[in-house]
Amino acid sequence: MSPDLSYVGKALPPSAPYVVGREKLREFASAIGETDPCCHDVAAARAAGHPDLIAPPTFPGSFTMAVMMELLGDPDFGWDFDRMVHGDQGIRFQRPVYAGDELVTTLHVDDLRTRAGSHFLSLRCEVATVDGEAVLTTNATLVTQAA
Amino acid sequence: MTPAVGDELAPLTMQFTRADLVRYAGASTDFNPIHWSERFARGVGLPDVIAHGMLTMAVAGRLVTAWTGDQGAIRSYSARFTRPVVVPDDDTGATLEVTGKIGALSEPDESGERIARVDITASSEGRTVLGKAVAEVRLPADS
């Protein structure tokens with residue numbers, strides 16, 4: 001199984017909008033042990049100057065990973081999903097993510113290298129609102145064994 | 001107190017049990033079976049079930065958000081997943097210990113805002129599990 005190099009340098013079509021839900025933010029914050037009232041209590045978030053509940057900084061890692069999974073699980077791409085590990089992750093914000101945001105993710109396949117018996121795939125997600133406001137960029141390296 | 005390079009942030013410790021991994025799987029929608037199935041994890045060469053790297057990164061990030069008091073102050077955050085956090089199927093699970101210090105501090109911009117670089121160390125069983133874990137944080141003029 002070998003990944004398709006022709007994807008490198010390409011962007012996939014933008015994702016369907018992901019609507020950031022209050023309950024999902026609360027669930028995520030609780031799962032990471034985050035008790036900040038601005039992640040749980042709308043009144044507290046607004047009192048702190050936020051428009052709605054604010055997402056913890058790694059929250060975008062979850063909905064962008066779901067977009068990446070569509071590529072990684074695509075048999076045409078040829079990625080050994082079962083033996084995949086997450087090598088690194090970066091997130092850079094233009095602004096925080098809030099409940100109520102409707103976010104579109106565009107996945108870019110930046111690089112694919114094979115060394116020391118492993119494939120290293122660099123993926124970048126550009127995340128913007130449905131109105132085109134840039135919100136954040138994620139970078140991830142995913143690693144899987146070369147056959 | 002004015003922050004300075006070398007200042008240490010209040011350390012943080014969190015236990016992960018299998019139940020915590022299942023909970024994070026649901027919250028993040030990352031259902032990769034290496035994070036909940038021992039059979040699957042061993043089948044792909046891992047010693048046991050391992051925590052999601054993003055869970056480790058999220059908990060390590062709490063060190064920074066607890067310090068700033070504002071999730072929105074984080075301008076960037078990145079980490080390498082250098083070693084898995086192995087989570088045995090018992091009541092204790094694994095322990096993650098997180099420390100951090102201010103590695104750099106920019107000069108104030110025209111609004112007085114500064115950027116602090118926080119260098120984070122996360123370890124489990126006495127061994128580091130994240131590499132180059134760095135957050136850039138906005139510090140408002142009055143901090």
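This is a predicted model: local features need pLDDT of at least 70, side-chain atom pairs count only at pLDDT 80 or more; totals for chains, interfaces and linings use all residues.
View 1. The backbone at A:Ala116 has a phi near 50°, a positive value in a residue that is not glycine.

**View 2. A partly exposed threonine with positive phi in chain B.** Phi is also positive at B:Thr29, at about 60°, although this residue is not a glycine. B:Thr29 belongs to the loop between helix H1 (18-28) and helix H2 (38-43) of chain B, and with a relative accessibility of 42% B:Thr29 counts as partly exposed.

**View 3. The largest nonpolar core.** This core has 79 residues, and those with the most contacts inside it are A:Met68, B:Phe16 and B:Ile120. Helix H3 (residues 53-68) of chain B gives the most to this core, contributing eight residues. In soluble globular proteins, nonpolar side chains tend to be buried together.

**View 4. The surroundings of B:Ile120.** When neighbours within four places in sequence are left aside, B:Ile120 is in contact with B:Ala60, B:Leu63 and B:Val64, and also with B:Tyr77, B:Val98, B:Thr99 and B:Gly100. B:Ala133 and B:Ala135 are likewise among the residues that B:Ile120 contacts.

**View 5. A separate core in the model.** Apart from the core of 79 residues lies another one, made up of five residues, among them B:Ile34, B:Val44, B:Leu46 and B:Ile50.

Definitions and conventions:
Residues are numbered from 1 along each chain as its sequence is written. Chains are lettered from A and ligands numbered from 1 in the order in which they are written. Side-chain values use heavy atoms; hydrogens and water are left out. Helices (H or I, at least four residues) and strands (E, at least two) are DSSP runs, numbered from the N terminus. Buried means under 20% relative accessible area, exposed over 50%, partly exposed in between (1.4 Å probe, protein chains only). A nonpolar core is a set of buried Ala, Val, Leu, Ile, Met, Phe, Trp, Tyr and Cys residues joined through side-chain atoms within 4.5 Å. Contact means heavy atoms within 4.5 Å.
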